[in-house]
Amino acid sequence: MNTKTSLREVERRTYISYHQDGLIDIFVGVYVLLFGFGILLMTVTDFSTWFVIPAIFPAIMVPIWISAKKRITMPRIGYVKFGSRGANKLMAVFLGLMVAGLGVFMVFSFSSSQAWALALRNLIISNGMFIIGISAAAISSLFAYTMGLKRLYAYGLLALVLFLAGHFVTVPFAYSLLTIGLTIIINGSVLLIGFIRKYPLSQGDETNVEKSL
Amino acid sequence: MTQLYVVESADFLFLQHQLQMTPGNLSSHLSKLEKAGYVEIVKEFIERKPHTALKLTKKGSSAFKEYQRNLKQVFNDLPK
């Protein structure tokens, strides 16, 4: 018996049970959907401030997500505080993504002065959908692995298929984003309904016993 | 104990769902663990509402590690 693996499995199951409510899916889905709408708006109405959406959205949505967790999840399955190990892993993923994003930004910044950066920039632009598809699948898989949420692999696969299809049969980028966002929201909503049905609000018996502790 | 070992703290309701125990049964287990000094019961307020969090003490954590070692030893000593 490998005790370390078993403990990790208990930790993984605990973490998954806390995210079985589908709230994270709904918020990620809304983010992708808004991003898609922003791009669609830009192409249709020449509204070019769409890029503000991904920047301000997390600042607005994270407090709403925390509040939803407190109002929907906590009263049903209780409250758990995870150790710093999981948070550190997630932070490492976020930092890695920020470094990668900074790398792409540098390539675009240097493209006017450096030949290699210009070549790389042209390669990124000409294979945009292809690169975005692979990046989306990789990022989604990275989060799936770190968080232990297998459904994120499916979202990554969906993004890969849609963006690759977009690359070869020229589907507009915004439509692919809207499809992905909508699919994630629908799946999140199904999970949320299932969660609310599975865990109705407690009637107070537990609270009385809890008070006696 | 295993459940509390893998998290920083958890409340009564969370443990009850994870362990699929009745409130009375879980309460009785927790009282014994608290008496033994393995579990600490922290009364706190979350958004002005009273909340009872449970966490493993250092003594409880050491006892769990010891239990793990002993259990592993038992399995290792079994004839193959």
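Predicted model: local features only at pLDDT ≥ 70, side-chain atom pairs only at ≥ 80, totals over all residues.
Colleague: Let's begin with chain B. How many helices and strands does chain B have, and in what order do the elements run?

Modeller: Chain B comes to four helices and three strands. Reading from the N terminus, the order is α-β-α-α-β-β-α.

Colleague: Now the strands. Which strands of chain B pair with β3(B)?

Modeller: Look for bridges between strands, and then for the sense in which the strands run. Strand β2 (residues 39–46) of chain B pairs with β3(B) over eight bridges, in the antiparallel sense. Within that pairing, Glu44(B) has His51(B) as its bridge partner. Strand β1 (residues 9–11) of chain B is also antiparallel to β3(B), residues 49–56, and two bridges join them. There, Asp11(B) is partnered by Ala53(B).

Colleague: Which strand of chain A pairs with β1(B)?

Modeller: Strand β1 of chain A, residues 80–81, pairs with β1(B) in the antiparallel sense over two bridges. Val80(A) has Ala10(B) as its bridge partner.

Colleague: And how many residues are in contact between chain B and chain A?

Modeller: On the chain B side it's 26 residues, in contact with 22 residues of chain A. Several elements of chain B each supply at least two residues, among them β1, β3 and α4 (58–77). The most comes from α2(B), with six residues. By type, the side of chain B that touches chain A divides into 10 nonpolar, 12 polar and four charged.

Colleague: Last one, over in chain A: at what angle do α7(A) and α8(A) pack?

Modeller: For a helix pair, take the angle, the axis distance and the handedness. Helix α7 (residues 151–169) and helix α8 (residues 173–198) of chain A pack at about 160°, with their axes 10 Å apart. Angles over 145 degrees count as roughly antiparallel, so α7(A) is roughly antiparallel to α8(A). The crossing is right-handed. Residues that meet include Leu158(A) and Phe163(A) from α7(A), and Ile180(A) and Ile184(A) from α8(A). The contact divides into eight nonpolar, five polar and one charged.

Definitions and conventions
Residues numbered from 1 in each chain as written. Chains lettered and ligands numbered in written order. Pairing = 2+ DSSP bridges. Axes fitted to C-alpha atoms, helices over the stretch in contact; angles between N-to-C directions. Parallel < 35°, antiparallel > 145°, perpendicular 65-115°, else oblique. Left-handed = near helix turned anticlockwise from the far one by under 90°. Contact = placed C-beta atoms within 7 Å. Nonpolar A, V, L, I, M, F, W, Y, C, P; charged D, E, K, R; others polar.
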